Amino acid sequence: MLKTNVVVIGAGAVGCAVARELSKYQIGVIVVDKNEDIGGDASKSNSAIIHTGYDASPGTLESQLVVAANPMYDQLTRDLDVPFRRIGAILPAITQEQFEKLPAIKEKAFNNRVYDVEYKTGPELLEMEPNLNPEVKGGLYIPRESIIDPFIWVQALAENANENGVAFLLNTRVTGITTENGKVRSVQTTGEEIETDYVINAAALYCDEIAAMVGKADYFVNPRKGQFYILDKNASCQVEHIVLPIPTKLTKGKLMCPTIHGNMLVGPTAEDLEDKTDKDITTEGLESIEADVKRLIPNVNVRETVTQYCGLRPNRNPEGLHFDMWDDLEGFVNLSGVRSTGLTLSPAMGKYVVQQMMNHGLELTFKENFVKNRKGVVRFHEMDRDAQEKLAAENPAYGRVICRCETITEGEILDCIHRPLGARSMDAVKRRVRAGMGRCQGGFCGPKVIELLAREWNMPVEQVRKNNEGSYMVVGRMR
């Protein structure tokens, strides 16, 4: 049996942010996740936007955390070496009905203490974004809406937490939680049992199932599917800002925005499901994206797509972001209703959870040797020619380009394999260094990445997986 002070269930953005915050103190922490890699489910399949909270429900915990988190990213992304850009968002009103909603949206932003939202006229918006629908009547500009690499953000949180003493058990599913005399005692997993004083449920889509293990599931989670297009970096129609529709109660709507790496992102849908594993892309979903986004940006051409993907948001019923601790169950911390703003609010949630645990009696002592900085994988394609040549001379692996589309070198792939919590699958490599994310989607670099994973992990190529158990890339040998 393993023994620790805190078990965090879920290695998505929130779970890893909580773990990193706890790693500042002299306390044992283990993060458990059912997946083969860090990143959770929703945290690695979203719109990669860091929100201001301008459209959150005023007075809610979600509003509090999102508004608090947004300004934290400037320093945190520098400390953790995460790509991040404040490009701003525009909210164009195409119809008179939409135009009449703008004052209420601006007032909501003001009530959420997002004071820098400004009106823009139709001509001003067209100057900012020439590809907007020319019928635009006006809109709002939200300058601090930002974009990030969500994969690297979660990896950075996890790697930094790990460097500061947090252990990660991946490919490990929680099967039960033992309580005794109104107190958490241990967590059962598909691996070892873990004796612990605290359990933090950050399991997102599956948080209701974890809560049910201790009799605290007074809600349920239904997955809300969001399908996306990713367009080629050279797409004929592009935007410089995040272009948002007028939101509805169900969804923030279908948007178009740049990604941190220069592609165009278009989507998502909002489809309520029952199956928490349904990540299928559908013709109907993609057609609805095209129809809706064309109302904002008529010239968008979704046939310039390089790929499509799907994410599942953990929609809580009854809805709302909840933090819960109970007097009759000491040591159990429950986080639920963390939806589309979960990526944004993760660093604030980390601080909030730790402070609430301290308010409930957890005694913590700061470490004197906490390491706040993390250096990411070298981004070879962003270096100037002299720096590239110098690096390749020092380490010839950086002189061998494996992924031509994204100019990813063997040196970068080796680094992402061998660093803390290193990549063990094709998707894990892709998320860390983008090998396979370009126009050919791994058609050229895929076989070489398989060879590198097999060589570095000393396993047959037939054992290299795309992601989770059973997703083998190679079946048998031709010769």
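Strand S20 gives the most to the lining of the second largest pocket: five residues. The model is predicted. About 1100 Å³ of space lies in this pocket. Its lining counts 44 residues. Helix H7 (150-163), strand S20 (305-317), helix H13 (426-433) and helix H14 (446-456) are the elements that give two or more residues to it. Nearest the pocket centre lie Phe151, Tyr309, Lys430, Arg431 and Met437. By residue class, the lining splits into 18 nonpolar, 15 polar and eleven charged.

**Aromatic pairs**

Tyr309 also takes part in ring pairing, with Phe228 as its partner. The whole structure holds seven aromatic pairs. Two of them are tabulated here.

| Pair | Centre distance | Plane angle | Class |
|---|---|---|---|
| Phe228 and Tyr309 | 4.7 Å | 10° | stacked |
| Trp326 and Phe332 | 6.1 Å | 25° | stacked |

Why does the Phe228 and Tyr309 pair count as stacked? The planes of Phe228 and Tyr309 stand at 10°, and planes under 30 degrees apart count as stacked. Phe228 sits in strand S15 (residues 220-231) and Tyr309 in strand S20, so the pair ties together parts that are 81 residues apart in sequence. Phe228 is buried, at 3% relative accessibility.

In the other tabulated pair, Phe332 is buried, with a relative accessible area of 0%. Trp326 has 22% relative accessibility and counts as partly exposed. The cut-off for buried is under 20%, so Trp326 does not count as buried. Elsewhere, ring pairs join Tyr73, Phe84 and Trp153 into a cluster.

**Thr189**

Thr189 belongs to strand S12 (residues 184-189). Is Thr189 buried or exposed? Thr189 is buried, because its relative accessible area is 10% and buried means under 20%.

Which residues does Thr189 contact, leaving aside its neighbours within four places in sequence? They are Val32, Thr172, Arg173, Val174, Thr175 and Ile194. The C-alpha atoms of Thr189 and Ile177 are separated by 8.9 Å, and these two residues are twelve apart along the chain.

One of its polar atoms lies 2.9 Å from the backbone nitrogen of Gly191. The backbone oxygen of Glu192 lies 2.7 Å from a polar atom of the Thr189 side chain.

Key:
Residues are numbered from 1 along each chain as its sequence is written. This is a predicted model: local features need pLDDT of at least 70, side-chain atom pairs count only at pLDDT 80 or more; totals for chains, interfaces and linings use all residues. Side-chain values use heavy atoms; hydrogens and water are left out. On a 1 Å grid over the protein atoms alone, a cavity is a set of points where a 1.4 Å probe fits but cannot get out, and a pocket is an open set with protein on both sides within 12 Å along at least five of seven lines; lining residues have an atom within 4 Å of a point. Grid points are joined across faces, edges and corners, and a volume is the space filled by probe spheres set on the points. Helices (H or I, at least four residues) and strands (E, at least two) are DSSP runs, numbered from the N terminus. Ala, Val, Leu, Ile, Met, Phe, Trp, Tyr, Cys and Pro count as nonpolar, Asp, Glu, Lys and Arg as charged, and the others, Gly among them, as polar. Buried means under 20% relative accessible area, exposed over 50%, partly exposed in between (1.4 Å probe, protein chains only). Contact means heavy atoms within 4.5 Å. A polar contact is a pair of N or O atoms within 3.5 Å; within protein, one must be able to donate a hydrogen and the other to accept it, and residues adjacent in sequence count only if both atoms are side-chain atoms. Rings of Phe, Tyr and Trp (its six-membered ring) pair if their centres lie within 6.5 Å; planes under 30 degrees apart count as stacked, over 60 as edge-to-face and the rest as tilted.
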